[in-house]
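I opened a new model today and kept notes as I went.

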Amino acid sequence: LAIAGLVWFAPESMAGLRPGYVLAIIVFGFPLMVLLGFVLPVAAIVSLSRSHREAYASGALHIKRVLELVLISQVGGGVLAVVFAPVLTAVAPDSTSRLLLTAAIWALGILTPLAFAAAVWKYDVLAVSPD
């Protein structure tokens, strides 16, 4: 809601910028951008890595494979979307390489639900005991 409010009340130009809006950006906008853009993705990758290491140590190779697919999807797709896509859009807005990058981001993004489907139907992880 805070981000939606900041976008909704954003001024048309820099001349219309008010001190209250700048304060709202500092108090709500910047911390939410850091949280959603850095803290949560890094925490998710660390959690997936730790789960992968525990699955490997316990010998649960079927769970390890699923976690590998999710890690590839999240790290690869995230890096492409956050680092390379904006640069390529600025450098070559209507190029074939941008189309290929978009396809790669999409393919890596769809890898996560496919990994979950494989976990349920192929590796039957729902039947695995949590202990």
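**Entry 1: Val-7.** I started with Val-7, which sits in helix H1. Helices (H or I, at least four residues) and strands (E, at least two) are DSSP runs, numbered from the N terminus. Val-7 has a relative accessible area of 60%, so I logged Val-7 as exposed. My cut-offs: buried is under 20% relative accessible area, exposed is over 50%, and partly exposed lies in between (1.4 Å probe, protein chains only).

**Ground rules.** I number residues from 1 along each chain as its sequence is written, and side-chain values use heavy atoms, with hydrogens and water left out. The model is predicted, so local features need pLDDT of at least 70 and side-chain atom pairs count only at pLDDT 80 or more, while totals for chains, interfaces and linings use all residues.

**Entry 2: the nonpolar patch.** Val-7 belongs to a nonpolar surface patch of about 1100 Å². Other members include Ile-3, Phe-30, Met-33, Phe-38 and Val-46. Patch residues have over 30% relative accessible area and no salt bridge; nonpolar side chains (Val, Leu, Ile, Met, Phe, Trp, Tyr) are joined within 5 Å, like charges within 9 Å. A salt bridge puts a side-chain nitrogen of Lys or Arg within 4 Å of a carboxyl oxygen of Asp or Glu. Areas come from the Shrake-Rupley method with a 1.4 Å probe; for residues, only the protein chains shown count as cover. Which element gives the most to the nonpolar patch? I found H2, with ten residues. Helix H1 (2-8) also supplies at least two.

**Entry 3: whole chain.** I counted four helices and zero strands. The order from the N terminus is α-α-α-α. The radius of gyration is 20 Å, whereas a compact globule of 131 residues would have one near 14 Å. I take that radius over C-alpha atoms; the globule rule is 2.2 Å times the number of residues to the power 0.38. Along the principal axes, the C-alpha atoms fill a box of roughly 60 × 40 × 20 Å. Of the 131 residues, 18% count as buried. The chain exposes about 9500 Å², with 74% of it from carbon and sulfur atoms.

**Entry 4: the cores.** Nonpolar side chains tend to be buried together in soluble globular proteins. I looked for such sets here. A nonpolar core is a set of buried Ala, Val, Leu, Ile, Met, Phe, Trp, Tyr and Cys residues joined through side-chain atoms within 4.5 Å. The largest core has eight residues, among them Leu-48, Ala-55, Val-66 and Ala-119. H2, helix H3 (61-91) and H4 each give two or more residues to this core. H3 gives the largest share, four residues. A second, separate core has five residues, including Leu-80 and Leu-101.

Entry 5: Contact means heavy atoms within 4.5 Å. Beyond four places in sequence, Leu-48 is in contact with Leu-67, Val-70, Leu-71 and Gln-74. His-52 lies in helix H2 (residues 19-58). Is His-52 buried or exposed? With a relative accessible area of 18%, His-52 is buried. His-52 touches Lys-64, Leu-67, Glu-68 and Leu-71, again beyond four places.

**Entry 6: Val-128.** Val-128 is in the segment after helix H4 (96-121). At 34% relative accessibility, I logged Val-128 as partly exposed. Val-128 is in contact with His-62 and Ile-63, leaving aside neighbours within four places. C-alpha to C-alpha, Val-128 and Glu-54 are 15 Å apart, at a sequence separation of 74 residues.
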